[in-house]
Amino acid sequence: MADFPENLKYTTEHEWLDQSTPAVIGVTDVAAEALGDVVYLELPEVGATIEAGSVVGEIESTKSVSELYSPVSGTVTEVNSEAVDNPEIVNQDPYGKGWLFKVEVTGAGELLSAAQYAEHTGS
Amino acid sequence: MGEDRKTPLHDEHVALGASMTPFGGWLMPLRYTSDLAEHRAVREAAGLFDLSHMGDISVTGPDAAAFLDHALVGYISKVREMGARYSMICAEDGSVLDDLIVYHNAPGEYSVIANASNAELVLAKLRERTAGFDVVLKDVQPGQALIAVQGPRAEEIMLATAGLVEDAEISGGTAFADLKYYACMGMRFEGEPVLVGRTGYTGEDGFEIWVSADKAVALWRAFLAAGEPLGLVPAGLSARDSLRLEAGMPLYGHELDTTTTPFEAGMGRVVRLDKATEDGTPIPFVGREALAARKESAPARVLVGLRGEGRRPARADYEVVQRGVGTEVGAVVGRVTSGAPSPTLGYPIAMAYVTPEVSAEGTELAVDVRGRAEPFVVVPMPFYRRPQN
């Protein structure tokens, strides 16, 4: 049984969102597990204006590549350069050290609670 | 299509926490923990693989060797007893129907090991080609399992495995200590005969063991018990694929298919146009005329190895392009057949079919990675060669 942190919001594309200021965004352990070992991350640039639901980067694993969607609109304030250099931390600690980028939020897309996300993933 | 079949080791994989995936009509372990950890274990110690999905067709009868000379492109009658040979089965037009390993596993008896996804086709094609030959073909895959132990510590693990012993009566004349690469021998596991081949698909030393379905779980567990202290881990299809790619080995459906002849794939050596009877008469075989003509003509495309200069890997079906300015995508010169970040080498590697003009070692090309040209350079294969000791 997966256990999703209650304090976070989620998307159907398996991103999580910590609604602090600025907001922190990462991918869930469901995504990390499905991807396999993450080997390459492409994250949005600091200062970029992004739209909720749009593709803002890529997560590449040994076996596949998937697109990274932003759960919110706003301006990117920081990206996790440690995760770019050591992408395996996305697998090891997806809700902690494996965060991906921070956004000064101007608007949000459709967000799920931990319980709704658990239902969505069937876990 | 029915449901995916399960190997005799299915419950072991589930108990080990494997992610299972459909592959060639079977439900197989994709990974147990981490693709990278499993890949590295095979390079540094050893990995344990369930390959029970592979097709296994026994060929027996007085004409077994002559039949295989006719049905396959290889010179199978030259394979000595207890030897093994990589070969292919081609259509009349020279295209590859499957790549295979043939084991001469008893006097005048052969096992043809086919890819899971092609096993039925190979059996059907072999049957079509039996006219005039006194042979018996049998699908012997049901009721047995195939387990591989691959890696530099594979030999130690074989020797340490409880219940796995030599028996001169069924060995075929080889002692385990003398078993050569691409050879096989009989051994016993818990009293029952098993066939052991020193073969594999990882670029490492290793063994493949055919065992009855009844004994498969016991042998799998015995390998894990003996091997875990030496660094053996169960390894899934994901690691198997990245290992074979580093070793420059083709995968049917990627580098080989029915639009490809062995020559384009750089595998012309498996086509034995020199097959002849004792009086020097050429032995006709299926695909011979087309392949002889193909050998003499200039290829339209060739298989090359590519090394990525950046960090973004190329994937199967991405286009190979001329290198342009920056990330600009140039003219298409080929197509990637397999690609991944190489866990051992630390950079992206790929195999691709390209036009002959851009196939020379050192040619600077690019791959269209989702709209952006990533720099790649043509390099010799294999990408990885195991250290020789």
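Hi everyone, let's start on a helix: in H6(B), the buried residues are Ala216(B), Leu219(B), Trp220(B), Ala222(B), Phe223(B), Ala226(B) and Gly227(B). They all sit on the same side of H6(B), because they cover an arc of only 170 degrees around the axis, the arc being that of the directions from the helix axis to the C-beta atoms. Buried here means that 20 or more other C-beta atoms lie within 10 Å of a residue's own; exposed means 12 or fewer, partly exposed is in between, and C-beta atoms are placed from the backbone.

A quick word on what you are looking at. This is a predicted model, where local features need pLDDT of at least 70 and side-chain atom pairs count only at pLDDT 80 or more, while totals for chains, interfaces and linings use all residues. Residues are numbered from 1 along each chain as its sequence is written, and chains are lettered from A and ligands numbered from 1 in the order in which they are written.

Back to our helix. H6 of chain B has 15 residues, 213-227, and should span 21 Å at 1.5 Å a residue; its end C-alpha atoms are 21 Å apart, so the two agree. That expected span is 1.5 Å times one less than the number of residues. Helices (H or I, at least four residues) and strands (E, at least two) are DSSP runs, numbered from the N terminus.

Staying in chain B, let's visit Ile113(B), in strand S8, residues 109-114. Is it buried or exposed? Ile113(B) counts as buried because it has 24 C-beta neighbours inside 10 Å. Beyond its neighbours within four places in sequence, Ile113(B) is in contact (C-beta atoms, placed from the backbone, within 7 Å) with Met54(B), Gly55(B), Asp56(B), Leu100(B) and Ile101(B). Arg240(B) is 127 residues from Ile113(B) along the chain, and their C-alpha atoms are separated by 17 Å.

Now over to chain A, with its 4 helices and 9 strands. Of its 123 residues, 46% count as buried. Its C-alpha atoms fill a box of roughly 35 × 30 × 20 Å along the principal axes.

Which residue of chain A carries a UniProt feature? The unreviewed UniProt entry places "modified residue: N6-lipoyllysine" at Lys63(A); such annotations may be inferred rather than shown by experiment. Lys63(A) is in the loop between strand S6 (55-61) and strand S7 (65-69). With 19 other C-beta atoms within 10 Å, Lys63(A) is partly exposed. Setting aside residues up to four places away in sequence, Lys63(A) touches Gly36(A), Asp35(B) and Ser238(B).

Methods:
Two residues are in contact if their C-beta atoms, placed from the backbone, lie within 7 Å.
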